[in-house]
Amino acid sequence: MQPSPRWLLALPLLLAFALGGCADDSGSGGGVQSVKLSTIRGRGKLVCGVDGKLPGFSFLGPDGTYSGLDADTCRAVAAAVLGDPAKVEFRDLNSSERFAALASGEVDMLARNTTMTLSRDSAGGNGISFGPTTFYDGQGVMVPVASGATTLQDLDGKPICVESGTTTELNLADRMREQGISYTPLKFQTGDQTYAAYLGGRCVAVTSDRSQLAAKRSSFPNPDQHTLLPVVMSKEPLTPASVNGDPAWADAMRWTVFALFQAEELGITKANVAAKVAEAKANTNQADLRRFLGVEGDFGKQLGLPADFVPKTIAAVGNYGEIFERNVGTGSPLKLERAENRLWTEGGLIYSPPFR
Amino acid sequence: MSGTFERIPWWRDRRVVPWIVQAVVGLVLLLVISLLVGNLVRNLTGAGLLLSWRWLGQPASFDVAESLIPFDASMPYWRALLVGLVNSLRVIVVGLVGATLLGTAVGMASFSSNGLLRRLARVYVEVIRNIPLLLQLLFWYFVVFLALPNGTAAFQLPGVVVSKSGLYLAWFAQGFSWQGPELVNGVWQAPLRLSVEFTALLTGLITYSGAFIAEVVRGGIASVPQGQWEAATSLGLHWSASMRSVVLPQALRVIVPGLNSQYISLAKNSALAVAVGYVDLYSVSETTLNQTGRALEVFLLLLGSYLIIDLLISAVMNGVNQLVQIRER
């Protein structure tokens with residue numbers, strides 16, 4: 001019997017550092033130098049780390065395709081870098097594996113409902129490089145309606161299920177300690193096990209990001225028998241990430257995501273992007289639009305991407321609003337409100353710096 | 001001049017050449033290792049991941065579900081890891097004893113004169129050892145133990161209560177008075193409480209390793225010549241007496257080396273605890289890694305701990321092996 005295969009993740013990590021040469025010698029001459037970008041182009045596909053079991057974010061459907069907000073983020077980056085949203089290889093990772101998989105180069109980027117935090121970002125911590133936040137979330141607690149619990153105090157002395165290797169595990173400990181509530185944390189390695197234990201009645205509550213709780217509840221046998229407590233225990237900005245040490249690749253990913261935000265702000269959709277490009281080409285006075293769509297200027301080249309990476313991306317996955325609605329919005333099974341995830345022009349937090 | 005012995009040149013000298021070869025091999029090995037370690041240190045420094053152990057003294061700020069030593073969230077990481085280690089050792093030690101008892105019983109049962117018992121032993125071994133342990137653990141936890149009722153509906157035997165929240169046993173309470181489990185405000189209380197996670201893990205480990213140990217024991221008993229059985233029977237010994245005093249002591253010589261590797265697998269398999277939510281060393285390490293981001297240090301500690309545990313088991317078993325071997329007189 002083998003021990004848990006996750007042990008093996010430490011090995012490539014060690015080996016990569018022991019055997020790896022100096023990476024910065026091998027960049028291509030001239031233009032933007034990025035090992036990752038040339039690796040992805042050479043390979044002909046983007047390897048993207050996702051959860052794979054979270055409806056609305058990244059979920060492997062019965063037809064063998066991934067759907068969700070995170071999955072579409074991967075597709076957007078593939079469309080920007082390789083010109084084809086289908087050139088993505090999704091890799092399912094659990095919470096504990098994700099950073100080791102990214103650090104060892106097993107995946108090019110993470111779009112795995114990962115909360116951006118200081119220690120994950122800093123070089124002295126996990127040392128990964130975050131892009132723009134694609135979903136502003138908060139930690140919630142789900143309980144069976146029959147339990148009658150309405151506040152955290154009602155959970156005093158009870159077992160609570162949580163997925164190990166997550167920020168929610170740590171927030172739970174902090175919040176309960178602050179409020180002096182004793183509890184028994186039951187930690188599981190995968191979401192499936194965590195929710196199975198909760199449904200099995202081993203714990204009186206399960207805690208995670210509110211969007212995740214809503215997503216998992218939608219796949220329960222009786223969703224109506226479970227409810228989210230009103231409490232929001234933390235800020236959970238879910239953010240795609242790449243590895244530290246390749247700024248050009250991080251920039252390419254960052255501005256591809258910003259392009260999704262900017263496209264929504266400019267009213268460019270999957271349906272009208274071709275018409276907008278034609279309009280920009282015809283009208284030399286619309287400098288902003290021309291630059292954004294790559295008709296004029298060299299934004300693509302500056303990022304090491306094709307000049308028309310924005311129209312390619314939008315044509316592939318649509319703008320941020322379309323991605324949100326399709327996967328988690330009111331029209332989807334999750335039925336989440338835009339709330340904080342509206343554009344800044346509508347009072348939300350979704351904001352792209354200028355394409356200039 | 002021509003009659004004197006010619007000195008053998010050093011490159012053909014049987015006393016010198018092996019030393020030179022060893023020195024060269026040693027030098028090359030040292031060079032490769034220093035190259036790898038140097039590269040490791042250089043790249044780790046570049047990535048800002050150079051080994052550091054200062055975080056071990058910082059407060060862990062997370063709770064654990066169960067602990068044999070006092071622990072709260074304000075204690076440092078090393079203490080949390082120690083809690084995990086103690087929990088791991090607890091399940092390993094109890095698992096070793098349980099699996100040995102079960103395995104020996106089943107191994108002996110496969111030589112029983114009772115046909116039903118013999119067949120049951122075969123069925124147990126073949127079913128258990130051909131299903132992955134992880135699946136068995138998930139089965140025990142999610143299908144068996146989490147399906148148990150709670151509160152007043154829990155299974156009650158004299159001195160034992162089995163419920164969804166755990167196993168409650170009668171034990172000596174304060175003042176050496178024997179005290180059984182009792183229901184207080186809908187929650188069972190008992191002097192000795194085993195969490196359902198621990199119980200599920202232990203059950204899984206014992207039944208799994210027990211099947212392999214049964215095979216080792218069966219092989220050992222089969223290696224004792226038939227004549228020994230016949231000799232014991234002709235002395236008028238009953239089946240169980242001949243097994244206990246004649247066959248088993250001789251079988252031990254074959255059994256003990258085989259047991260060693262089964263014990264080591266059990267210790268390693270205990271790291272699957274995280275699948276059923278038991279806080280073992282691996283589970284605590286994972287939380288620690290999540291908080292500190294010190295992947296290499298945490299994994300080095302983990303690898304080192306399991307290596308030491310397994311080497312200790314091996315050392316003890318080698319000692320036992322010496323004891324049961326035939327001593328030359």
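Trainee: How far apart do the C-alpha centres of domain 1 of chain B and domain 2 of chain B lie?

Mentor: The model is a predicted one. In it, 45 Å lie between the C-alpha centres of domain 1 and domain 2 of chain B. Domain 1 of chain B covers 10-46, and domain 2 of chain B covers 77-324.

Trainee: What makes V273(A), K276(A), V277(A) and A280(A) of helix α10 of chain A buried?

Mentor: The term requires 20 or more other C-beta atoms within 10 Å of the residue's own. These four residues, in the helix spanning residues 273-282, are classed as buried, so each meets that cut-off.

Trainee: Why are the buried residues of α10(A) said to line one face of the helix?

Mentor: Viewed down the axis of α10(A), they fall within an arc of 100 degrees, so they line one face. An α-helix has 3.6 residues a turn, so residues three or four places apart point the same way. Among the elements covering the buried residues of α10(A) are α11 (287-292) and α13 (309-317) of chain A.

Trainee: Which exposed residues does the face of α10(A) turned away from its buried side carry?

Mentor: That face carries A274(A), A275(A), A278(A) and A282(A). Exposed means 12 or fewer such neighbours, so each of the four falls within that limit.

Trainee: How many residues does each chain bring to the contact between chain A and chain B?

Mentor: Chain A contributes 38 residues and chain B 35 residues. On the side of chain A that touches chain B, 16 residues are nonpolar, 16 polar and six charged.

Methods: Residues numbered from 1 in each chain as written. Chains lettered and ligands numbered in written order. Predicted model: local features only at pLDDT ≥ 70, side-chain atom pairs only at ≥ 80, totals over all residues. Contact = placed C-beta atoms within 7 Å. Nonpolar A, V, L, I, M, F, W, Y, C, P; charged D, E, K, R; others polar. Domains from an automatic or database assignment. Helix = DSSP H or I, 4+ residues; strand = E, 2+ residues; numbered from the N terminus. Arc of directions from axis to C-beta.
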